[in-house]
Amino acid sequence: MLVHVMSFSQTTAIPDPSFEQALIDINVDTNGLNGNILNSDADGVITLNIFSKNITSLEGLHAFKDLKNLYCYFNNIETINIDQNIELEVLDIENNSIQNLDISNNLNLKEVYISNNQIDELDISNNLQLELLSCNLNNLSELDISNNLNLEVLWCYSNNLSVLNVSNNVLLESLFCGNNNLQSLDITSNSLLESIACSGNNLQSFQFSNCLGLTYLDVSNNNLNTIDLSSNLELKRLLCNNNNLAELELSNANDLMLLYASGNLLEEIDFTSNINLKYVHVNDNVLTSIDMRNTQNTIINDFRALNNPNLTCLYIDNQEADFLSDWEVDAVTTFVETQDQCNALSIEDNQETISFEMYPNPTTNYLNLNLIDKANVVMYNINGQKVLSKTLNKGNNHIEFNSISTGLYMVKVYLENKTVTKKLIVK
């Protein structure tokens, strides 16, 4: 009679000693640092917290067949195979060196954190339970989320995306897609959005009026000419630096706490309705008027309105308040409480002004200046760095500047101890 004897391995190899040591440290591996783990030790393990352990390989992870939560961020992992970890619900492998990731077999995944790796392709079409995806700082040129109807959080900033279609993701509450190559972004289907960050793209228009619960909006470093906040009554933080905004209506934003609007074309801002305002940055505009008389100037923690050479009067609640010394304004700016006080300053200042023509604006690689007399002309970028300095003659002067990058610049004309500054956009 023949007897068949079947033997099953009782251990699984763990070749990376850093991985095994991490398992020992959390009392999962009980048979010591010997290159393997008892399968009985891996059975029933629901969560592995093995972050920041200098792990280079997760070979042997398949032994953890009951694993639901894997946290192995801040390691040196280059490859990962989780095909057999089909119970996984949370995967956090951020800040590694992973180039390829296959999660098509992990149908129970709800949260995926893969930011700061080297991933250039990601297929999540099978992950129908996915609620959160964080894939920032990778090399993704495409991201198809049309099947992920349960997605509530999408963070995909700093990739190479030129298109992002979120029309099917009606449950989205948070969308961070900044520093990509987006020319447009349609969120008309995403009325539940509370946080939007799409800075550093090429957006020329952006509509978000349907997002009535919006509290955080970052549209900085785009090409926006207007933004409409009339429907966003819950807005608390607005970042719109470095656009082409000439107007900013904030009367409905009563809860606004933070405004960063530097590097635009704003001439006037009225903050009288914004009683919760604490942080204001409006540097590098063409402001002639700021009205801060909202009865709550005492709660301002940070106020900056530098490089607005035509802002002579800044209206505040109390011009004698000690904290005004911490507000950053130009030397030409005076704190006043009333229009009469501002008018008095204008009467005292009887110096002759300089006028000159500057065109085209915006421009691409040249500028014409028509001067009433010989003058020195200096151009600065938004960081205050001098990029051009010339002495020009009376009449029309043509200036070429092919080497100057696109952005916002300040053109200052000096003539007979007087100065006039105008803003220039180079595209």
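A disulfide is taken here as a pair of cysteine sulfur atoms within 2.5 Å. The model is predicted, so local features need pLDDT of at least 70 and side-chain atom pairs count only at pLDDT 80 or more, while totals for chains, interfaces and linings use all residues. Residues are numbered from 1 along each chain as its sequence is written, and side-chain values use heavy atoms, with hydrogens and water left out.

**Cysteines**

The structure contains one disulfide. Cys313 is joined to Cys342, with 2.1 Å from S to S. The link of Cys313 and Cys342 is right-handed, with 100° about the S-S bond. Distant parts of the chain are connected by this pair: Cys313 lies in strand β18 (residues 313–315) and Cys342 in helix α3 (residues 339–348), 29 residues apart. Helices (H or I, at least four residues) and strands (E, at least two) are DSSP runs, numbered from the N terminus.

Both Cys313 and Cys342 are buried. Buried means under 20% relative accessible area, exposed means over 50%, and partly exposed lies in between (1.4 Å probe, protein chains only).

Cys135 takes part in no disulfide; the nearest cysteine sulfur belongs to Cys156 and is 5.3 Å away. Cys135 counts as buried because its relative accessibility is 0%. For Cys177, the closest cysteine sulfur is in Cys198 at 5.3 Å, which is too far for a bond. Cys177 also has 0% relative accessibility and therefore counts as buried.

**Salt bridges**

Side chains of opposite charge can pair when their charged atoms come close. The criterion for a salt bridge is a side-chain nitrogen of Lys or Arg within 4 Å of a carboxyl oxygen of Asp or Glu. Three salt bridges are found in a search of the whole structure.

| Asp43 | Lys65 | 2.5 Å |

The salt bridge of Asp43 and Lys65 links distant parts of the chain: Asp43 is in the loop between α2 (39–42) and β3 (47–49), Lys65 is in the loop between β3 and β4 (69–71), and the two are 22 residues apart. Asp43 is partly exposed at 37% relative accessible area, and Lys65 is partly exposed at 44%.

Asp302 is buried at 17%, and Arg304 is partly exposed at 30%.

Two strands pair if DSSP finds at least two bridges between them. An open sheet of four strands runs in the order β24-β23-β26-β27, with antiparallel pairing. The edges are β24 (386–392) and β27 (418–426); each has a single partner strand, so one side of each is left without a neighbour in the sheet. From one strand to the next, the twist averages 20°; axes are lines fitted to C-alpha atoms, for helices over the stretch in contact, and angles run from 0 to 180 degrees between N-to-C directions.

Strand β26 (residues 407–415) pairs with β27 in the antiparallel sense over nine bridges. Lys412 is opposite Thr421 in β27.

**A nonpolar surface patch**

Val170, Leu171 and Leu192 make up a nonpolar patch on the surface, together having about 220 Å² of accessible area. Patches consist of residues with over 30% relative accessible area and no salt bridge; like charges are joined within 9 Å and nonpolar side chains (Val, Leu, Ile, Met, Phe, Trp, Tyr) within 5 Å. Accessible areas come from the Shrake-Rupley method with a 1.4 Å probe, and for residues only the protein chains shown count as cover.

Val170 sits in the loop between β8 (153–155) and β9 (174–176). Val170 counts as partly exposed, at 40% relative accessibility.
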